[in-house]
Amino acid sequence: MQKGGFNFDLYQRNVELIEKNNYKVPKTTKTGTTIVGVVFSDGVVLGADTRATSGPIVADPNCEKIHRISDYIWCAGAGTAADTENTTGMISLQLELLSLSTGRSPRVRTALTLLKNFLFRYHGYISAALVLGGVDFTGPHLHMIHPHGSTSTLPYISMGSGSLAAMAVLETGYSSKMGEEDAKSLVHQAILSGILNDLGSGGNVDLCVIKHKSMEFFRNIDTTNSKRKFRKKLPYMFKSGSTKILEKEIEEKMRKMEIVNEKENAIEELEEL
Amino acid sequence: MSKKLNFLESSFCKVLRPPQLNLRIIKPSSMAVFAFVLFALFIVFAGVIYDLIVEPPSIGVEYVSIFQYNGSTIVAMAGKNCVAIAGDTRFGVRNQTVALDSNRIFKINNRTLFGMTGLNTDILTLRESFKFQMNLYNLEEEREISPKTFAHNVAQTLYSKRFGPYFITPIIAGLEGEDYTPFLCATDLIGAMEFPKSFVVAGTGEESLMGVCETFYKENMEPDELFEVISQCLLAAVDRDALSGWGSVVHVLTKDGITTKRLRTRKD
């Protein structure tokens, strides 16, 4: 059975298969992404778009990029989708065990240290760029974590391929005396700017507002990009039997009893035998 | 005559003189000749072997993806309390078709169907690996696994090989819970899951499949209509993909059981 941790059994075989035969390295699902975090007077607002790409193709038009680390500590992730999901999942697990063993509610700074130590061990090979935000008993915190393990603490952060577009909006609109509604609308505008101007970002807008002992997740708060304007009203109907079948096999879950032979004078027949 | 020659000699030969070459006649030993011939023979044979075996001229595309080595296509769609999963049955090695009946869609239990595309050797390895894990699960938990749990199991197995992955793209289709809600999941080769509500596509024909599924998919289809739609989508996409085809199989999973139908595709 499998032990925990990464398994490098197939590494040698893959080197022989790919490099020696000049194959291209297969594409992993990436979250091109625009992720944004803003600190306001009472807490933190995190925002993300919802597009996951596999090369130039949109693999998932509505994926969730804001992951739960703890009840009031959430993390938005950009980079390779599998890496962000598994890294945040792993650190959420470690933080839960830590908070149970210490008997204290978890701090954002603890999650930050766990994440940066984990990512630094892999020297950037785990491609996860994260915006970590939350409110603990010391107040609201917002941090950015790069794939190689470096971190920054800032009042407003944008990461991902759409970070330049989002940062332009944040630099214009940010003020240190913002309230909740202003912060939400600023994050919303920043993500929209990323969606419209960056090809790697798209889909809907997700928002997460974290305050002291309260968390509100607005999944798909803005879906203007997802409604196809000129969709055919009456979809094409295939007539039953339009596909020719060679063989048909039905595996039924419930076996019904079938009466094969019914004879009225069965007893007389038996006696004859 | 002699007078002409004398003239020639006198005019030209004064200008043009033959070169003074102090040539020595070389008489090599027999061993030296033998060594030279042996060396020349070695060079010739080495060249021949290099051209034929080490780096032969190949017919086919270089710099192509490892996923196109075998070639396959799978699509799964959700209907009203039913799911359908369909795939082609060609097994090929680069441009050559080796078998027409390779099955890449497996039944995990009465509620879950599991299909894989990509490198065939990894598909076979993982089929055995998941069969083993599911048998163990049934023995330990004394119940059947739900499709959502199985999907997470697949993702974890693939992510454990993050640096040295299996070259497959799996698709899980099933009916979840008491009210048989359709469940679809697709992951990439290292286990990044997505849970769409409509359809999932995978394989060498995935780009054509995406287009045709987006067009023909409707919500809340009954099993008969779902079968028609998924079959037409698969057939259309597989016709435009050189590496898939040569037969296809469609499974429709409802709460009453699984209906498997084989379709006729183009045999080219």
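The side chains of A:Asp206 and A:Arg219 meet in a salt bridge at 2.8 Å, N to O (a salt bridge is a side-chain nitrogen of Lys or Arg within 4 Å of a carboxyl oxygen of Asp or Glu). The pair links distant parts of the chain, with A:Asp206 in strand β12 (residues 205-211) and A:Arg219 in strand β13 (residues 214-222) of chain A, 13 residues apart. This is a predicted model, in which local features need pLDDT of at least 70 and side-chain atom pairs count only at pLDDT 80 or more, while totals for chains, interfaces and linings use all residues. Residues are numbered from 1 along each chain as its sequence is written, chains are lettered from A in the order in which they are written, and side-chain values use heavy atoms, leaving out hydrogens and water.

- A:Asp206 is buried, with a relative accessible area of 0%, whereas A:Arg219 is partly exposed at 30% (buried means under 20% relative accessible area, exposed over 50%, partly exposed in between, with a 1.4 Å probe and protein chains only).
- A:Glu64 joins A:Asp206 and A:Arg219 in a network of salt bridges.
- Another salt bridge pairs A:Arg68 with A:Asp71, their closest N and O atoms being 2.9 Å apart.

**Where the chains meet**
- The contact takes 58 residues from chain B and 56 residues from chain A, where contact means heavy atoms within 4.5 Å.
- About 4,900 Å² is buried between the two chains, and carbon and sulfur atoms give 56% of that area (buried area is the accessible area, with a 1.4 Å probe, that two parts lose on being put together, summed over both).
- B:Tyr159, B:Phe163 and B:Glu228 supply 15% of the area that chain B buries against chain A, more than any other three residues.
- Three salt bridges are counted between chain B and chain A.
- A:Asp83 and B:Arg162 form a salt bridge, with their closest N and O atoms 2.6 Å apart.
- A:Glu247 forms a salt bridge with B:Arg262 at 3.8 Å between the closest N and O atoms.

**Nonpolar cores**
- A:Ile69, A:Ile126 and A:Leu132 touch the most other members of the largest nonpolar core, which has 31 residues (such a core is a set of buried Ala, Val, Leu, Ile, Met, Phe, Trp, Tyr and Cys residues joined through side-chain atoms within 4.5 Å).
- Apart from it lies another core of 25 residues, including B:Val75 and B:Cys233.
- Residues that A:Leu132 touches include A:Trp74, A:Leu112 and A:His143, not counting residues up to four places away in sequence.

Definitions and conventions:
Helix = DSSP H or I, 4+ residues; strand = E, 2+ residues; numbered from the N terminus.
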